[in-house]
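Hi,

Here is the structure I promised to pass on to you. Have a look at it first, and my notes follow below.

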Protein chains: 2
Amino acid sequence: MADKRYVYAFKDAYGLGKELLGGKGAGLAEMTHINIPIPQGFTITTEACTLYYQNSKKLPDYLVKEIFENVHKIEKDSGKTFGGDTDPLLVSVRSGARVSMPGMMDTILNLGLNDKTVAALVKKTGNERFAYDCYRRFILMFTNIAKGHPRDDMDKMLDELKEKNGYKLDTEVTAEQLKDLVKEYKAYYKKTFGEEFPTDPYDQLIEAVTAVFRSWDNPRANVYRKMNNIPYEWGTAVNVQSMVFGNMGESSGTGVAFSRSPSTGEAKVFAEYLPNAQGEDVVAGIRTPLHIEELEKRMPDVYKQFIETIKGMEHHYRDMQDMEFTVEEGKLYFLQTRNGKRTAAAALKIACDLVDEGLITPEEAVCRVEPNALDSLLHPSFDPAELKQLKPIGVGLPASPGAGTGHLSFDAADAKARHANGEKVVLVRAETSPEDIEGMVSSEGILTKRGGMTSHAAVVARGMGKCCVAGCSDAIIDEENKTLELNGVIYHENDTISLDGSTGYVYAGSVKTVDPELTGYFGRIMKWADEFRDLKVRANADTPKDAIQAAKFGAQGIGLCRTEHMFFEKDRIFHMRKMILSDNVEYREAALNELLPYQRDDFYKLYMAMDGKNVNVRLLDPPLHEFLPQEEDKIEELANALHMSAQQVKDRISYLHEFNPMMGHRGCRLDVSYPEIGRMQARAIIEAALKAQKDMGKPVTPEIMIPLTLDVKEFRFVKSIITEEADKVIKESGEKMTYKVGTMIEIPRAALLSGEIGKEAAFYSFGTNDLTQMTFGFSRDDAGKFLPDYYKNKILEQDPFATVDQKGVGKLIKMAVADGREVNPDLHIGVCGEHGGEPVSVEFFHRAGLDYVSCSPFRVPVARLAAAQAAIKYPRKK
Amino acid sequence: MADKRYVYAFKDAYGLGKELLGGKGAGLAEMTHINIPIPQGFTITTEACTLYYQNSKKLPDYLVKEIFENVHKIEKDSGKTFGGDTDPLLVSVRSGARVSMPGMMDTILNLGLNDKTVAALVKKTGNERFAYDCYRRFILMFTNIAKGHPRDDMDKMLDELKEKNGYKLDTEVTAEQLKDLVKEYKAYYKKTFGEEFPTDPYDQLIEAVTAVFRSWDNPRANVYRKMNNIPYEWGTAVNVQSMVFGNMGESSGTGVAFSRSPSTGEAKVFAEYLPNAQGEDVVAGIRTPLHIEELEKRMPDVYKQFIETIKGMEHHYRDMQDMEFTVEEGKLYFLQTRNGKRTAAAALKIACDLVDEGLITPEEAVCRVEPNALDSLLHPSFDPAELKQLKPIGVGLPASPGAGTGHLSFDAADAKARHANGEKVVLVRAETSPEDIEGMVSSEGILTKRGGMTSHAAVVARGMGKCCVAGCSDAIIDEENKTLELNGVIYHENDTISLDGSTGYVYAGSVKTVDPELTGYFGRIMKWADEFRDLKVRANADTPKDAIQAAKFGAQGIGLCRTEHMFFEKDRIFHMRKMILSDNVEYREAALNELLPYQRDDFYKLYMAMDGKNVNVRLLDPPLHEFLPQEEDKIEELANALHMSAQQVKDRISYLHEFNPMMGHRGCRLDVSYPEIGRMQARAIIEAALKAQKDMGKPVTPEIMIPLTLDVKEFRFVKSIITEEADKVIKESGEKMTYKVGTMIEIPRAALLSGEIGKEAAFYSFGTNDLTQMTFGFSRDDAGKFLPDYYKNKILEQDPFATVDQKGVGKLIKMAVADGREVNPDLHIGVCGEHGGEPVSVEFFHRAGLDYVSCSPFRVPVARLAAAQAAIKYPRKK
């Protein structure tokens, strides 16, 4: 027996929260509370979902009983009867997880229909066509969603019926034809499942609720959760709601509305309306909806109430709302509202506007922008000058802004495969469905023939920050033969097109792009973010070009300059190889002397580019064999230069081979074996800094970072190599300069012994890539082969190389911070692994008390915003 | 200025302890305290050594002053004068570290001699030959040791002198000749160093003390410390002691003595005596000493006092003593005493005898045996039956027991190199010196021509548990041409000889060996050890043969059975490869079904061999590519069987290649990807256990171990594969059986998340090999290339794969134990890495609160003893 409640009527549920009710359920409860006209119903809680999975994927009897009791309450309130033969109660069954997962979860409408209730509906509404349209839709959705059977065959039955009769629109199909279709559908159902279509509405309801719970675990939902950091444990709620009908004739209709533009943020209601239709027609892009003016034209009073209610809701929720509404024979219902998904540009504008309107504070504004979404604003858009010269080959709706150029791909699997091979593709589909998500992730942009601004393609693309042109109705797409025809020209798989998601134009070939503007709303939000955040944000940059880009994006210094990249250039690699193959210190020093001027010059340019901001240079890190050639001619050349035989060079290369190079002779282990390498690098850094200091006329304080430290004695040993040489160089110059020597913390042992190492180090930088590798025992280069099995079996929900593992790696980080600060309160602590630009990880680093994060230049704004949100959410004690 | 004391006269130093005084210094203080006749002097403390290194390898002035003050005290007590021209004080300068490091540190005798004092010595003793012998020895030792110059040239001068005059013995050299030799030596000194030999005794003293401190850091000392776990930080003390002279004529002499036999433990004084000689002649093996009866014959009163003093010292120290003594013109002095090094067999007998004599307790007896030394007793000795048939080719002293067979090697570097290539060698030398240590480590046994039971070769070999035949004077050894001649037969590098260290016989060719007896003194000590220890000791064993060996050595179960070894056998590997190359689960299952009977049979035999003791089976661990063939014909064969092309097989092999296999697709990651593997293994284990249980008539409780766990969800996932199959098998059988599922803790993350994993696991077994790899980021297969640089630079003093790293890895272990026990007080915790049989590590595991260690069968007795010593040293709260 249940000792707790699993079901709440909307009107009793206000204040119970999203965790229990899901987002949609909480919204319906709140809408009821603030007197928005909605069809009443009840929510089956997320706890019931957990219960379902714990109970071997079955609903316990006491839960079934509680659901039925709530049906009876609706019956009582509405005067209708579930399965009744005069005024039958029909309901919708929808999923509603804690956060919105659009297109992922499943919905069933018109539940409660059977041969008896459909007759009652005909009688009551006097609209036979409407009633049978509902019925056939219900059978289709039940078959497809509750039973998990593909809908293609049943769609084809309708298409054939329309074709046979020369109909273009679904609405042309007559009542009689729909009746026949219902019969066909039921026969199909029986053939497919070996049993009659269920006639008892209560059975239908339980099957539908079960289907929603089951759908929480479907592959698409799992992919979406992984993409969006949604824990599997949360589960979904189910909302059972009385049906209202937009398909009861011309005074009925349905639509979706945004209280502001989700694409640009423009402050006016943005809605689409489809007369005589049910909601799925809009969302699925089956029919292209009309502008909302159509509603104003047809029913001005309803329109007025519509606009007022929307404004009220926005005011109540203090954010842009995304709503579904239905007009049933002139009466307006809202079916749901939620905070609307928006493009990054819209998010910035809406946040600023809401501050200006006095609805929210700057702190709230900063929290309203998804940091990852900024990414789309930081990348180039098409050059307007070049666009003027070009004639578009087609146009669609500007569904998600951005510039996308690539070869044509006609299905998701193909897009994914070609992307994996490094090819840039644009996904071209008649319309997209949730099955296409991975293909969308893999493409530079999405072009669809059908569907509006709120179609699946549009919504998902905006969420991803991908450019999308939707509803390009002139396009003739032959997915089988892989061609796109536009204005009589046929484009094939290897042709390139460019999509402008901000205008909806499609161009042949590729178009030049220009850099983004970082001012306006973007600048305003980032200014607030910079005021609020505690974490400093630096960039990982190895070249002056990257350094300049990083500075433009607001980097407060360079947190990681990898010196090894500098050795790969053509004139340098040869000296590097000579150094590596030398078997005595004199030869190595000679080769290093050849490399010194290059390194010094590289560092000098970096210091100049950063104009006095801190630059943290890491000593050589990779194993030496990575620099060695495999090609015969290069080996020969090297052998000649070294007065060795090719075989000797090969023997040395083979000697340097390692079984597990990631745990091999690399990092500061190189300096322990060959102190002359660290000595040369220290000299190059200090000489460059001295020159830059002189040329800029401002002080430079070099930071020198020792990689892969695992013991304080090792740190001291390598540090002494650096300080001896650095002090010598400074003394030689007669100038003044201070510099700092610190270490990466990337070996578990270093984190464990931070209480010793912290005494000697000026700073720490967590190398979370390597720390993750060692803590998990996952080789990053190899884990790709088995990590999918870990996701599939729900052992890991996140790629630990993308989002920092807070439990394991995070525990080491927290220990290292605490132990290091205890022995050295001035210890400056940051992170320079790739996690430094990932918002969830940034929040963790804020909470762990770090001083800064360092990430790739394009992630710098993301990190700045994420750091601000973390600081607002978890204020540090000052 | 010094604010502490760095120098103590022996008579003021009693009770200050070895840490401060070093072993020798503490011994001299104690000997003074109990009225043993010793030449007086003073100890410069180990803290002075530290001071020396901190003070840029110089003695600070205040320390020099303190040393000189103590010289004056000796002058005052003895009435002699340092550098005096009537009764000159001469001193010896010796190192004395906290633990004895024989042959490693350096000694200078006769210090204080110069042209003036030597004349005084002649006058005082009336023995010109003696005085100049002292003088030339002093110059030689000073040059060699204080100045670090090789002694070869100076040795050659003496040899040439003897040759020219047809002398065989050093004692034949006349006073006049020695005078000339002294001149030659001084000229050589001046030529070599460009300065006169120092004449001021105070200068000589300071140079000698500095030399001792410097010698703490010489390469041989570093090698010895590494072998014996002696921290570099300890430093050495220096003992300055008045000289007494064994070379003052026929009523003088010198010798070494053991209060019991260091070779067999026999309870009678065991000593050697060399008349008219100084100590170095004995130790260096330059002259072969005489039996102690010689002393009894020549000076019965001195002999009586000698024996009584020795017995008294043994009683005082409650252990077998190793002493140096000198008779100076009929007066007996002891120069030092220490607990004597002994063979393992002697250690066992002495410990038991001392218990029987009421001198020590069984606990003390257990602590008197070095666990690692047992190793030598566990290995085979020559078959006595076969020995009866054989005629020895030579005989020497039975200097260190054991059986050693190998090719001849004539120098240490050669022995080391050939050993590294897997060749077994016997080191053959005229005599050994500290430079030979690494060669001795690398050889199966040592044969020397010169030197007695207390020669360098003998002492060091006993310490190592290596077999040694010393003083085989008939041998003609040509080290240059690499030949050994015995009785007219010449043996070359590739000939094999066998040494019997217990009898001193040398045999040509190899001799059959027999297993050791584990009863007698060994059995008695082990019985006590088993009573005292808390840690259970299991063995790592994969085969019934190993299991039986382990049981014989007292293993209380199998702590690690690696299942992968079972797949490499000829008829199995093919099925294994088929399994790996199958690309669908059905084919994999079919191949696994072929493997099932083999696995089951292997496990059955193990259960039977262990006769009801616990057997812990680890699921498949290595990455699958390790099983795949590289040879063309094997690939072809496999391709045919799989109906694939050879190219397809190669592609698949190449796909399975990993960059860092140690952190790749292995351990339980295989079961996550291919649950059918774990399922087959679970079935094989349980079916085997059921059959064994039935056949033995006693219950079997299988332990199934999941390798490489890193998350509790992963553990649960793999555990459920096992339990589902195991429960099914048990149900099918209709029998009753309980089994346990636990995990290796070998990934740092598992140790960090022990508080979660512990709730689900029945047991933990720390895999310290992998845990060390990941915690250090050291690939075991690659670290060999750079670890020597870590030793050289004193960053690491121990190979962390040999002795567990207590600071880093140990911290993880302690955390994991505490967190795991907190959530699961019944958690059974052990270790199965190779550290499980290493005494220092075993002590750590005892202190960390583990329940058991598991090690290779031959280490089981070592672990039992080490565990007992740990329990005695660190009693657990019961």
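To start with one residue: which residues does Ser409(A) touch, not counting residues up to four places away in sequence? The list is Asp414(A), Ala415(A), Arg418(A), Val425(A), Val426(A), Leu427(A) and Val428(A), where contact means heavy atoms within 4.5 Å.

Before I go on, a word on conventions. This is a predicted model, in which local features need pLDDT of at least 70 and side-chain atom pairs count only at pLDDT 80 or more, while totals for chains, interfaces and linings use all residues. Residues are numbered from 1 along each chain as its sequence is written, chains are lettered from A and ligands numbered from 1 in the order in which they are written, and side-chain values use heavy atoms, with hydrogens and water left out.

Back to Ser409(A). This serine belongs to strand S16 of chain A, residues 403-409; helices (H or I, at least four residues) and strands (E, at least two) are DSSP runs, numbered from the N terminus. Ser409(A) is buried, at 0% relative accessibility. Here buried means under 20% relative accessible area, exposed over 50%, and partly exposed in between, with a 1.4 Å probe and protein chains only. Between the C-alpha atoms of Ser409(A) and Glu479(A) there are 9.1 Å, although 70 residues separate the two along the chain.

Leaving out residues up to four places away in sequence, Gly23(A) touches Lys18(A), Gly96(A), Ala97(A) and Arg98(A).

Ser56(A), which is not a glycine, has a positive phi of about 55°. Ser56(A) sits in the loop between helix H2 (46-54) and helix H3 (61-78) of chain A, and is exposed with a relative accessible area of 60%. Asp611(A) also has a positive phi, near 50°. The loop that holds Asp611(A) runs between helix H23 (585-610) and strand S28 (614-618) of chain A, and this aspartate is partly exposed, at 43% relative accessibility.

Now for chain A as a whole. The chain contains 36 helices and 33 strands. Its radius of gyration is 32 Å, close to the 29 Å that the globule rule gives for 878 residues, so chain A is as compact as a globular protein of that length; the radius is taken over C-alpha atoms, and the rule is 2.2 Å times the number of residues to the power 0.38. The C-alpha trace spans about 100 × 65 × 55 Å along its principal axes. Of the 878 residues, 58% count as buried. Among contacts in chain A with a separation of 6 or more, 69% join residues 24 or more positions apart.

Finally, the two copies. Chain B superposes on chain A by a rotation of 180° with 0.0 Å of shift along its axis, at an RMSD of 0.1 Å, using least squares on the C-alpha atoms of residues with pLDDT of at least 70 in both. The copies are thus related as by a two-fold rotation axis. In chain B, Asn660(B) has the C-alpha nearest the axis, at 2.1 Å. The copies meet through the same surface, because 100% of the interface residues of chain B are also interface residues in chain A.

Best wishes
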